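Let's take a walk through this structure by way of its salt bridges. Have the sequence and the 3D view ready.

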Amino acid sequence: MKFPLPGILLIATEAPTGSSWCSGAQSSLDPAGPQSQQISNLWWNYFYICAAVYGIVLLVLLTALVFRATHSLSAPITRPSTFWESLRAWIVGGLLTATTTILFVLLIGDHVAGRALHRLKSDSAVKIRATGHQWWWEFRYEDPEPSNELITANEIHVPVGRPVDFELESPDVIHSFWIPNLHGKRDMIPGHKTHTIMQADRPGTFWGQCAEFCGYQHAKMRFVVVAEPEPDFQKWLAAQRRPAAEPQSESERQGRDIFMSRSCIMCHTIQGTMAGGMIGPELTHLASRPKLAAGSLPNTRGYLGGWITDPQQIKPGVRMPPNALAPGELQALLDYLQSLK
Ligand code: CUA
């Protein structure tokens, strides 16, 4: 992923269109849906118009400085000619009119983009209830058939070309739901449900990010968004609805026993087992996710082991306590968790 450079450097070094600094998996300027396209167009229109105005102002200033430096002062004008007076009035009036017109053009552009953002139809939308927690994301795919409801954490999949209707809520503090490549931000307010609807027009993997300071680990509150064709999405849904895989080896069985007999079970759910805690992320298909700890770590055996042993070292303030496990126990637990595909 590319990180944006400070704006002034960008202007100095690269032309905007087609260059890499405005693309990436977490960029509003790399739109992957109709709404982010509107936002991106609005941004570029503002950018070009303001850059042109800025350039003209600098040019006029420079001309005045050069003129002043190359011409000697004339005698004070005590009785100005009516011609120059009226010409000056016309120039000043023209500039004021141009300024007002430009501001109105920007205002109208903003209004048109704002209306276009709300035009998405939601008849066939996928419905997801997204909950922001300090500091991770819970996603519930709603379905008229209760057995088809699906809960996942820190990762969503969405079908390309179909709107996704998010109901947003928070049980603790204000968070802000933001997938820059798909739409603008939307606050998640405790005790007050909000909505946002968006659509991906091309497949890809994007980053979602909490966009409202919500405590110590606000910056490590991210989620993965996978936009994929409808058949792949349906395949993913079906796989995620299945209960957790049964342990296949002795070590995996031992790992499951450790999970069920320790404090893990108090906070985490693994469908198909007796673990039903709702405080921390759902782990039924943990091994299928690319990241751990809300986008903070790669989902590999080493990071998972480090995270279980001492999460406070990686994300200080997080609710998960350190877990003192014997080396053999930790390896068995990792074997089990890594089997949860
Ligand atoms: Cu949640 Cu910032």
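Is R202 buried, partly exposed or exposed? With a relative accessible area of 30%, R202 is partly exposed, where buried means under 20%, exposed over 50% and partly exposed in between, using a 1.4 Å probe and protein chains only. Before going on, keep in mind that this is a predicted model, where local features need pLDDT of at least 70, side-chain atom pairs count only at pLDDT 80 or more, and totals for chains, interfaces and linings use all residues. Residues are numbered from 1 along each chain as its sequence is written, and side-chain values use heavy atoms, leaving out hydrogens and water.

So who does R202 pair up with? Its side chain meets that of D30 in a salt bridge, 3.0 Å from N to O; the term means a side-chain nitrogen of Lys or Arg within 4 Å of a carboxyl oxygen of Asp or Glu. This pair links distant parts of the chain, 172 residues apart: R202 sits in the loop between β8 (194-198) and β9 (204-210), and D30 in the loop between α1 (7-13) and α2 (34-70). Helices here are DSSP runs of H or I with at least four residues, strands are E runs of at least two, and both are numbered from the N terminus.

Next, look at E169 and K193, whose closest N and O atoms are 3.8 Å apart in another salt bridge. E169 lies in strand β5 (residues 164-169), K193 in the loop between β7 (186-188) and β8. E169 is buried at 18%, while K193 is partly exposed at 49%. Salt bridges with shared partners join R129, E142, E167, E169 and K193 into one network.
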